[in-house]
Structure formats: C-alpha cells, structure tokens
Amino acid sequence: MAEREIRHHGICTWQPASACEGCPLSGRLKCRFDWGALLHFIALFFGFAIPAIIGAIQGGYGWYLLGWAAYSLIFFELWEGRILCSHCPYYAEDGRVLHCIANYGLFKVWRFHPEPMSKAEKAQLWVGLSILMGFPFPFLLLGRQFAWALVSLWGAGLFFWTLRRYTCSQCVNFSCPLNTVPQELVDEYLRRNPVMGKAWGKAV
Ligand code: SF4
Ligand code: SF4
C-alpha cells in the first residue's frame, strides 16, 4: 500500500481509473488525461498560430518565425515548465515525458512541486505568455499583413476565452492565475491528495 502511494507522488490523477469510483469530483474536473481535451487545446492554439505563420511568410518575415519557434521551445520546456507545469498534478506522473491535456509529449526537466505557484511565478507567467502570443504581430505589421494580423488576434482572443470558460474552470492546476475551479472542489481534490494538501497548508 505504502509503495503504491509513493508512485506518481500518490496523486489520484495517475492512479488506476478504478480508484475514481464514487469520487464526487468525477466529471467535474479535468483530472484524468483525455485525448478530446488535448485535441481541443491544440485546435484552439492553431486558430491563433496558423494565421500568424501564413501572414509572416507572406509579408517576407518567415525566417523570423525561427525565433518564435526557439522561444516557444525554451518557454514550454524550461520556463513555463518550472513556473506553471511543475506545480500541476499531471506533472506528478512517474517518468520524464509529460502526458497532459495541453503540453503533451514535453520532456519533464523539473521535479514535481506540489506547492502552489508563488506570486513571482504568476507574474512571470503573464510576461512569458505575452511574449509568446505577441511575438508574431510586429512582423505581421512590418510586412503589412493587416488582415492576417486581425485573424490571428481573433484566434488569440478565442483561444483565451474558450480556454478560460471550458478548461480553466475544471483544470487541476489550481494555483494558475487563469484557474476558476470553485474552492470546494479544490479543497476536495487537495483532501484526496495529501502530498498536495500538505504543501498547500491544508493537510489534516
Ligand atoms: S479527483 Fe482523483 S479520484 Fe476523483 S475522479 Fe478525479 S482523478 Fe479520480
Ligand atoms: S495541464 Fe497545463 S499546467 Fe498542467 S502540465 Fe499540462 S500544460 Fe502544464
């Protein structure tokens, strides 16, 4: 029993599905990996990124997209991985590859941090996301690709609106500044996951 609890830091998200039977949170949180949720996230992000890529290439700034790709790699793998994802129950899975409903397949550089994000990490997340989402726009404007800039801006707005409404309201990374899960559901998840509950100062 003790050995089983240590696996995946004892986080219920990574226990066999049979452990979810009778759980009051079942169906109310995105607490189990789901391909549909992952594809939804990817499709939404592409709705922003593809118009930006097309516009940058048509405007003659295609090579600058390599800088965007390099930043994205560093951001997702290292920066966001530490300040956001390392606090997420999905990051608690044993092994070095992340299997989650957004950044699926990334290499896990960091250890799992069950405590909530700090204020400094939340501030960094806004800075990092602003750079990520804002990167292509100067090149779209310099290349006079105003229509593609507008489509991409619309895609970015739709991405955040849909994400916040349908994903952040059920996401298990509760300390993310975008998270809107009701407190009673957060408390129940923390109660079911003592390693997190203790790190959040809520262990009984
Ligand atoms: S909170 Fe944990 S036990 Fe409950 S349904 Fe989600 S993964 Fe299963
Ligand atoms: S669900 Fe979100 S916060 Fe959690 S590991 Fe995936 S990308 Fe990071």
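**Backbone, helix packing and aromatic pairs in the predicted model**

His-8 lies in the loop between H1 and H2, in a structure that is a predicted model throughout. Although His-8 is not a glycine, its phi is positive, at about 55°, and the residue is buried, with a relative accessible area of 8%. A positive phi in a residue other than glycine also occurs at Arg-144, where the value is near 55°. Arg-144 is placed in the loop between helix H5 (137-142) and H6; with a relative accessible area of 62%, Arg-144 is exposed. Most residues other than glycine have a negative phi.

A further loop residue, Asn-193, is found between helix H7 (183-192) and helix H8 (194-199). Asn-193 is buried, its relative accessible area being 0%, and, when its neighbours within four places in sequence are left aside, Asn-193 is in contact with Gly-10, Ile-11 and Cys-12.

Turning to the packing of helices, the axes of helix H2 (residues 35-58) and helix H6 (residues 146-167) come within 8 Å and cross at roughly 165°. Since angles over 145 degrees count as roughly antiparallel, this crossing makes H2 roughly antiparallel to H6. The crossing of H2 and H6 is left-handed. On the side of H2 the contact is made by residues including His-40, Phe-41, Leu-44, Phe-45, Phe-48, Pro-51 and Ile-54, and on the side of H6 by residues including Trp-148, Val-151, Gly-155, Leu-158, Phe-159 and Leu-163. Divided by class, the contact of H2 with H6 has 13 nonpolar and eight polar residues, and no charged residues.

Helices H3 and H4 pack at an angle of about 165°, with their axes 11 Å apart, and are therefore roughly antiparallel to each other. The crossing of H3 and H4 is likewise left-handed. Among the residues that meet in this contact are Trp-68, Tyr-71, Phe-75, Phe-76, Trp-79, Glu-80 and Arg-82 in H3, and Glu-121, Gln-124, Leu-125, Leu-129 and Leu-132 in H4. The contact of H3 with H4 divides into eleven nonpolar, three polar and three charged residues.

A search of the whole structure for aromatic pairs finds 19. In one of them, the rings of Trp-14 and Tyr-90 have their centres 6.0 Å apart and their planes at 80°, so the pair is edge-to-face. This pair links distant parts of the chain, 76 residues apart, with Trp-14 in the loop between helix H1 (2-6) and H2, and Tyr-90 in the loop between helix H3 (65-83) and helix H4 (119-134). Trp-14 is buried, with a relative accessible area of 16%, and Tyr-90 is buried as well, with a relative accessible area of 2%.

The rings of Phe-41 and Phe-159 have their centres 5.5 Å apart and their planes at 70°, so this pair, too, is edge-to-face. Phe-41 lies in helix H2 and Phe-159 in helix H6, so the pair ties together parts that are 118 residues apart in sequence. Both Phe-41 and Phe-159 are buried, and both are named among the residues through which H2 and H6 make their contact.

Terms used. Residues are numbered from 1 along each chain as its sequence is written. Chains are lettered from A and ligands numbered from 1 in the order in which they are written. This is a predicted model: local features need pLDDT of at least 70, side-chain atom pairs count only at pLDDT 80 or more; totals for chains, interfaces and linings use all residues. Side-chain values use heavy atoms; hydrogens and water are left out. Axes are lines fitted to C-alpha atoms, for helices over the stretch in contact, and angles run from 0 to 180 degrees between N-to-C directions. Helices (H or I, at least four residues) and strands (E, at least two) are DSSP runs, numbered from the N terminus. Angles under 35 degrees count as roughly parallel, over 145 as roughly antiparallel, 65 to 115 as roughly perpendicular and the rest as oblique. A crossing is left-handed if the near helix is turned anticlockwise from the far one by less than a right angle, and right-handed if clockwise. Contact means heavy atoms within 4.5 Å. Ala, Val, Leu, Ile, Met, Phe, Trp, Tyr, Cys and Pro count as nonpolar, Asp, Glu, Lys and Arg as charged, and the others, Gly among them, as polar. Rings of Phe, Tyr and Trp (its six-membered ring) pair if their centres lie within 6.5 Å; planes under 30 degrees apart count as stacked, over 60 as edge-to-face and the rest as tilted. Buried means under 20% relative accessible area, exposed over 50%, partly exposed in between (1.4 Å probe, protein chains only).
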